[in-house]
Amino acid sequence: RLVKMARSNQFSTLLLLVSCTCVYGSLSNIVPSGILSGLKSRPERRADSSALLHLKGGTAPKRVAILTAGGLAPCLSSAIGFLIEEYTLYDPQIEIICYIDGYKGLLKGEYLTVGPEERQLASILTYHGGSCIGNSRVKLTNVKDCVQRGLVKEGEDPQKVAAEQLVKDGVSVLHTIGGDDTNTAAADLAAFLKKNNYDLTVVGLPKTIDNDVYPIRLSLGAWTAAQQGALYFRNIVNEHSANPRMLIVHEVMGRHCGWLTAATAKCYRDDLKAQRMLPGCGLHFERLDVHGIYIPELSIDIAAESKRLKQVMDRIGNVNIFISEGAGVDDIIKQMEEAGQEVPRDAFGHPKLDAVNPGKYFADKFAKELGAEKTMVQKSGYFARAAAPNDQDLALIKDCALKAVECAMLGQGGVIGHDEETPNLELRACEFKRIAGGKPFNVDEGWFKSMLTDIGQPFKGQHPTHPKRPGKPNAPVRCSSEQDIRKKLDLQH
């Protein structure tokens, strides 16, 4: 029978199924109902009719445009898929185009037209990370940068060029999937066009793994990024056994906000606590644990932390720390500029953090004081942000996309999200004038302070340069859920 199976390729298929089963089983703790199980259960079509057919007072647009911009997050392709699917279910006569490479494609007039096959199979996009239509970092008000990159000609106003292209393409609804810069730039476009008697409704979706957009409770992709960062470190941490007195620095994305670093650490530790150890053979929980967590919002006493971590190193032979890429950036930039070094910046004026390299900065600070024989700096950002969304994120993305289409029909512009300044975290189009980035993580969250206590790190309070955010505290983090929004999504606990 085995010979026959091998000859008919059934044996290869069986081995593949066994292999996939083993991989899924090994990941089920950290992604309990996430990517792998989601891929098994996602249908190619989710509904036979639109949930918006009851809508009264709305007007179906003739042509809708979609673009993604900024960095990646585990939501871009999925959001595109849900938007295409919902518009098609509502009215397949609505034309849909997708600008290639974000605002770059808009400026150049380059787009894809969504045809019948793409509409029918749009849900395939939920299987994938990245952006199927491409991203770019373009600031329309940075004329010099746009000219240098050949996006506009000398003497042209990029904002006017983009606006005229939207008019030329006959777009009446523009969906922007990006962070605060992406969405506020689109709002400026709409205002510019309105002054020139052209109505454009802009409905954005909040994409950022940093979870730092005012006034939105949880941005798309953040759940998945935290789980993926934990998964990344679950392998990297074993490097502690490759060398005596090893210092491992896990750098997590988050320019101004430490939410992702804190959430990633919690997801990792929750999974670690569920694993069995064998101390008699050297497999100790403490060697795999997180020993320090450093984020932009947290005051850090480097000297005191060095002394504490030196004791950990002496006792167990290794130290693992999590650091946000934005931690200590101001101090590092100051030192670089005082030394006469130029700090590279992007089109929005943000320092390029790869050049600043906070992970190396902290590694160098600690390595000597801890007596580390070897130091390793590992960055999970690109691994985490390029993932496909888990099931929890997918449900949030779907709800936000449905609300985005509803608001587009009603001519209500804004950025879709659970509004923290409403009594029940209402899912709505948050006004553009209220949208802002750089929302700090609230370090007074009970779960965060408890985690610091658990790892023996003293809590020094909010960093003086990061004022406490107004209104409600940041969303509590669980490895696979965020309860208040989860209830709205009707997901089982």
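Student: Where is H240 placed?

Tutor: H240 sits in the loop between α10 and β6 (246-252); helices (H or I, at least four residues) and strands (E, at least two) are DSSP runs, numbered from the N terminus. This is a predicted model, in which local features need pLDDT of at least 70, side-chain atom pairs count only at pLDDT 80 or more, and totals for chains, interfaces and linings use all residues. Residues are numbered from 1 along each chain as its sequence is written, and side-chain values use heavy atoms, with hydrogens and water left out.

Student: Is H240 buried or exposed?

Tutor: H240 is buried, at a relative accessible area of 14%; buried means under 20% relative accessible area, exposed over 50%, and partly exposed in between (1.4 Å probe, protein chains only).

Student: Which backbone oxygen does its side chain reach?

Tutor: The side chain of H240 reaches the backbone oxygen of V237 at 2.9 Å.

Student: Now S219: where is that one?

Tutor: S219 lies in the loop between β5 (201-206) and α10 (222-236). S219 is buried too, with a relative accessible area of 1%. A polar atom of its side chain lies 2.5 Å from the backbone oxygen of T208.

Student: How far apart are the C-alpha atoms of S219 and P206?

Tutor: They are separated by 5.4 Å, although S219 and P206 are 13 residues apart along the chain.

Student: Changing topic, how many residues of α18 are buried?

Tutor: The count is 15 of the 20 residues, so α18 is largely enclosed by the rest of the structure.

Student: What follows just after α18?

Tutor: G411 does, and G411 takes a positive phi of about 70°.

Key. A polar contact is a pair of N or O atoms within 3.5 Å; within protein, one must be able to donate a hydrogen and the other to accept it, and residues adjacent in sequence count only if both atoms are side-chain atoms.
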